[in-house]
Amino acid sequence: MDQIKYELPETEMPRQWYNLAADLPTQILPPLGPDGNPISPEMLAPVFPMNIIEQEVSTERWIDIPEEVRQLLAMWRPAPLFRARRLEKALGTPAKIFYKHEGMSPAGSHKPNTAIPQAWYNKQFGIERLTTETGAGQWGSALSFACSLIGLECKVFMVRISFEQKPFRRVMMETWGGKCVPSPSEETQAGRHILAEMPDTPGSLGIAISEAVEQAVTDPSGKTRYSLGSVLNHVMLHQTIIGLEAKKQLAMAGVKKPDVIIACCGGGSNFAGLAFPFVQDKINGDDIEIIAVEPKSCPTLTRGPFSYDFGDTAEMTPLLAMHTLGHNFVPPPIHAGGLRYHGMAPLVSQCVVEGLVKPKSYHQLKCYESAVMWARTEGFIPAPETSHAIAATIDAALQAKEEGKEKTIVMNWSGHGLMDLLGYEKYFSGQLADHELPQEDIDKGLAAIADLPNAPENKTGKW
Ligand SMILES: *Cc1c(COP(=O)(O)O)cnc(C)c1O
């Protein structure tokens, strides 16, 4: 029998996270405050607990995973590495395709990998309530799940278009005890302001972040903090458990070094999770192609400049040096809600600036076509976000076929699509279209950040 799953015993779950900041040849630029000067860790204290801020600024290469966190992660980790043999056969490719199955967590995606430690560190710090935003609802449900395990209240601002398209995600949050409202809402100044200007807005992650941050920092009890599901350094850190497990599993499969690493990219966390341990190998001399995949309707890495920008629409966050479409950019309402973010993790952006990572973008119809091919070969129905990684994986496998090369491709299967079947239904009935984003729309988003500080593209030129 040909082996399909490479499974690690629980005892082999990584004991430390990997911090790419320790190895990047050129450091990321510091976040800036409203005065244009680098912020101090203390300035983040109203938003995050200090134990998480320490991780955010750490340059230690390895950071211990607390035993209690490992115990909770063991509910579904280590996640299996699959070999996509049936897809390989359908494509007739000599490539070996492996995928890390992150859809087996209770919330259905990679997001609980950071929701659990974030809730745990907040609890340790004496926090009682977390606020957050959610796009497609994946992060909101992951954090609601984590808060229910750890004993915290959870309040979620959900991007309105997804709140309407994906009511079952809200029910999941409520089942785990979270409270979910559509964003923009009447509950915050930021929300009221945007509703007054754009009553019909589909909402955006940038707006929802503004609302969640505002509600955290204005709680007079001081017992509320904000939690972000992607973008920040500590989130990338927590997700590296994916790639660290994958390395051990690839060794079990007899793979010494993969040739291609692929993941989809919204804020960058599932990508970083799989890719960063391999970026370390690439920095140390390995020849690996590392591809970050995004939608053509929200082309942050492929069409956005590297610049300082706010993480949210109401300009409440520090300025981050990243690829961005501008914090006022509201992407067309495609179904991959988790990929509709104007910015990108600064660590992922720096990898792109350095040439360690290559970005690529796809239209949604091609992604759905790939997702359906996947479901009919590998069985599991992917999230619309994940389908972007699948489209790129199929292309890489077909390229290997053309070149006659037996490449090893490793993809992050970031989550299942069982809560996203409405998108599939629309695809099957021909109701979905591709959005070619006009340059004017991008220019409009970028005009709003023209006066923000310039972010120099520092790179060694080695890659
Ligand atoms: C949230 C989400 C993404 C995108 O977020 P990243 O932080 O870029 O990983 C991708 N896939 C799934 C299934 C998601 O839920």
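Mentor: In helix H9, the buried residues are Leu205, Gly206, Ile207, Ala208, Ile209, Ser210, Glu211, Ala212, Val213, Glu214, Gln215 and Ala216. The model is a predicted one, and in it H9 is mostly covered, with 12 of its 13 residues buried. The cover over these buried residues includes strand E6 (129–134), strand E7 (153–159), strand E8 (179–183), helix H8 (189–197) and strand E9 (224–226). The length of H9, which runs over residues 205–217, can be checked as well: at 1.5 Å a residue its 13 residues should span 18 Å, and because the end C-alpha atoms are 18 Å apart, the two values agree.

Turning to the ligand, 20 residues surround it, and the closest are Gln138, Ser230, Gly266, Gly338 and Gly415. Two or more residues of this shell come from each of helix H5 (138–150), helix H12 (269–283) and helix H16 (384–403), with H12 giving the largest share, three residues. By residue class, the shell divides into six nonpolar, 12 polar and two charged.

E1 pairs with strand E4 (residues 81–83) in the antiparallel sense over two bridges, and the bridge partner of Tyr6 in E4 is Leu81.

Note on methods
Residues are numbered from 1 along each chain as its sequence is written. This is a predicted model: local features need pLDDT of at least 70, side-chain atom pairs count only at pLDDT 80 or more; totals for chains, interfaces and linings use all residues. A residue is near a molecule or strand if its C-beta atom, placed from the backbone, lies within 6 Å of it. Helices (H or I, at least four residues) and strands (E, at least two) are DSSP runs, numbered from the N terminus. Ala, Val, Leu, Ile, Met, Phe, Trp, Tyr, Cys and Pro count as nonpolar, Asp, Glu, Lys and Arg as charged, and the others, Gly among them, as polar. Two strands pair if DSSP finds at least two bridges between them. The expected span of a helix is 1.5 Å times one less than its number of residues. A residue is buried if 20 or more other C-beta atoms lie within 10 Å of its own, exposed if 12 or fewer, and partly exposed in between; C-beta atoms are placed from the backbone. Two residues are in contact if their C-beta atoms, placed from the backbone, lie within 7 Å.
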